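Please look over the model below before reading on. My notes follow as numbered points.

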Amino acid sequence: MISHTRRLLSLTTAMVVASTALASAAEPSADLIAAAKAEGALTTIALPHDWCGYGAVIDGFKKKYPEISVNELNPDAGSADEVEAIKANKDNKGPQAPDVVDVGLAFGPQMKAEGLTMPYKVSTWDEIPEGVKDADGHWYGDYYGVMSLLVNKDLVKDTPADWSDLLKKDYAGQVALAGDPRASNQAILGVLAAGLASGAKAGKEAGEAGLKYFGELNKAGNFVPVIGKSGTLAQGATPIVVMWDYNALAAKDTLAGNPPVEVVVPASGVLAGVYVQAISAYAPHPNAAKLWMEYLYSDEGQLAWLKGYCHPARFNALVKAGKVPEDLLKALPPAASYEKAYFPTLAEVDANKAAVTGGWDAVVGANVQ
């Protein structure tokens, strides 16, 4: 686990030593604001309001720029769906064409390579860690979390502590992923986390080990081929859901004890996942898209994500500058939960994605819907 901790320290150190002048003090240019207001609209996709505090983020943007209406497409879409939405609407300037996307790290370079992104560097660019941004501004990290287990305590008496526990007969028909592992970044990385827990090396090896694990879980009758979320967990269809910690903690707040739930960061295979923002090369509202990015990476936008339990890209710079309220820091999971967190490299994320999406049907054979 030493290498895992070093990777975490490396990333967080990069966040700390990034420019601490906090360029966010500078507002977007008057010209950009005027151009965005003239466009009058912004189309987002795949932003559930309970994911990373996006409901409050969107409301904050609307309040700041009431002249710009926000059109929200398919909140439950996965990263691959977002990419396809841009491709399918290259020649469409109507309401089905997304201006911006929020996708898993592996999808950023893919989109750039396919000519689907528009470069833009926000005013706080220097505070985004070098390892999670494209040098030309085609995509850039927005927030991260760690893979966790959301557990319905009405139905699961013995809370699992690690990935290996989920293979026990006690959890028959109870375990689900929070997405289709052939298309959802969250689910793809859930498989990687399980593979890391087996001791496999991050990348293709851990992806294949994760597939083997889920194959065993499915064969044992413990895996449920249903996309897990707070609703399916509460209904009892998916009593245990593998999902990002910030989604699990938001679900815990939403459910408010009905049913009682527990959020567990597994003892091994603690995987940190970074998501990235990008502007569509075919954005019908390119200036509104740029203004949206400026808002997301401002102090206000970053703290809104933090309220949604996500660690924003500028987290350490904001902490160092004393801009994070103490109550927000206290609301986060204990730092100890993150000490073993492993931040996979982009190459490892890409290799895992290829292994999981390419091998799921053959190795696991569960059609997740």
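**Notes on the model**

1. A256 is exposed, at a relative accessible area of 61%. Exposed means over 50% relative accessible area, buried under 20%, and partly exposed in between, with a 1.4 Å probe and protein chains only. The model is predicted: local features need pLDDT of at least 70, side-chain atom pairs count only at pLDDT 80 or more, and totals for chains, interfaces and linings use all residues. Residues are numbered from 1 along each chain as its sequence is written, and side-chain values use heavy atoms, with hydrogens and water left out.

2. A256 is not a glycine, yet its phi is positive, about 50°. A256 lies in the loop between α9 and β8. Helices (H or I, at least four residues) and strands (E, at least two) are DSSP runs, numbered from the N terminus.

3. That loop, between α9 (245-255) and β8 (261-264), also holds P259. The peptide bond joining N258 and P259 is cis, with omega about 0°. For context, most peptide bonds are trans, and most residues other than glycine have a negative phi.

4. A46 is another residue other than glycine with a positive phi, here near 60°. A46 sits in the loop between β1 and α3 (54-64). Is A46 buried or exposed? A46 is buried, with a relative accessible area of 9%.

5. A search of the whole structure finds one disulfide. The term covers a pair of cysteine sulfur atoms within 2.5 Å. C52 is joined to C310, S to S 2.0 Å. The pair links distant parts of the chain, 258 residues apart: C52 is in the loop between β1 and α3, and C310 is in the loop between α11 (299-307) and β10 (311-312). Both cysteines, C52 and C310, are buried.

6. How many cavities of 30 Å³ or more does a search of the whole structure find? The search finds two. A cavity is a set of points, on a 1 Å grid over the protein atoms alone, where a 1.4 Å probe fits but cannot get out; lining residues have an atom within 4 Å of a point. The second largest cavity has a volume of about 40 Å³, a volume being the space filled by probe spheres set on the points, which are joined across faces, edges and corners.

7. The lining of the second largest cavity includes T44, I45, Y54, D102 and W292. β1 (41-45) and β3 (100-104) are the elements that give two or more residues to this lining. β3 gives the most, with three residues.

Methods
On a 1 Å grid over the protein atoms alone, a cavity is a set of points where a 1.4 Å probe fits but cannot get out, and a pocket is an open set with protein on both sides within 12 Å along at least five of seven lines; lining residues have an atom within 4 Å of a point.
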